[in-house]
Amino acid sequence: MGDDFVAIRNRKMGDEFSLDVVNDAYKRDIVMAPTGKFSGQMWKLFPVKNGLYRLFNDFTGSEKCLD
């Protein structure tokens, strides 16, 4: 995991929980899970065009973006 990946958290849950992809056969569900060193919690913004970005994580790769 490089420096360009970040964890996504919210104020209500604090640093104890991060946006994560559920590790199952589908790898499509996201949850707020206990923070850890997991590839499903490492997110990256990829610029597309006109100020738009795709958001993907290290676990599912750049071919599967948050929708």
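Analyst: A residue is called buried under 20% relative accessible area, exposed over 50%, and partly exposed in between. The model is predicted.

User: Which class does Arg-9 fall in, buried, exposed or partly exposed?

Analyst: The relative accessible area of Arg-9 is 39%. That value lies between the two cut-offs of 20% and 50%. Arg-9 is therefore partly exposed.

User: Which residue does the side chain of Arg-9 meet in a salt bridge?

Analyst: The structure holds two salt bridges. In the one with Arg-9, the N to O distance is 3.9 Å, and the cut-off is 4 Å.

User: How many residues apart in sequence are the parts tied together by Lys-44 and Asp-4?

Analyst: Lys-44 and Asp-4 form a salt bridge, with the closest N and O atoms 2.8 Å apart. Because Lys-44 belongs to strand β3 and Asp-4 to the segment before β1, the pair links parts whose separation in sequence is 40 residues.

User: Over which ring does the charged end of Lys-44 sit?

Analyst: Lys-44 counts as partly exposed, at 23% relative accessibility. Its charged end is 5.8 Å from the centre of a ring, where the cut-off is 6 Å. The ring is that of Phe-5.

User: What is the geometry of the aromatic pair of Phe-5 and Phe-56?

Analyst: The count comes to one aromatic pair. The ring centres of Phe-5 and Phe-56 are 6.3 Å apart and the planes stand at 85°. Planes over 60 degrees apart count as edge-to-face, so the pair of Phe-5 and Phe-56 is edge-to-face.

User: Where do Phe-5 and Phe-56 lie, and how far apart in sequence are the parts they tie together?

Analyst: Both residues are buried. Phe-5 is in the segment before β1 (17-21) and Phe-56 is in strand β4 (residues 53-57), so the parts they tie together are separated in sequence by 51 residues.

User: Which residues form the nonpolar patch on the surface?

Analyst: One member, Phe-46, is found in strand β3 (residues 43-47). Phe-46 counts as partly exposed because its relative accessibility is 45%. Together the members have about 290 Å² of accessible area, and they are Phe-46, Val-48 and Leu-52.

User: What is the radius of gyration of the protein chain?

Analyst: The protein chain has zero helices and four strands. For 67 residues, a compact globule would have a radius of gyration near 11 Å, and the value for the protein chain agrees with this: 12 Å.

Notes. Residues are numbered from 1 along each chain as its sequence is written. This is a predicted model: local features need pLDDT of at least 70, side-chain atom pairs count only at pLDDT 80 or more; totals for chains, interfaces and linings use all residues. Side-chain values use heavy atoms; hydrogens and water are left out. Patches are made of residues with over 30% relative accessible area and no salt bridge: like charges are joined within 9 Å, nonpolar side chains (Val, Leu, Ile, Met, Phe, Trp, Tyr) within 5 Å. Accessible areas come from the Shrake-Rupley method with a 1.4 Å probe; for residues, only the protein chains shown count as cover. Helices (H or I, at least four residues) and strands (E, at least two) are DSSP runs, numbered from the N terminus. Buried means under 20% relative accessible area, exposed over 50%, partly exposed in between (1.4 Å probe, protein chains only). Rings of Phe, Tyr and Trp (its six-membered ring) pair if their centres lie within 6.5 Å; planes under 30 degrees apart count as stacked, over 60 as edge-to-face and the rest as tilted. A charge sits over a ring if NZ of Lys or CZ of Arg is within 6 Å of the ring centre and within 35 degrees of the ring normal. The radius of gyration is taken over C-alpha atoms; the globule rule is 2.2 Å times the number of residues to the power 0.38.
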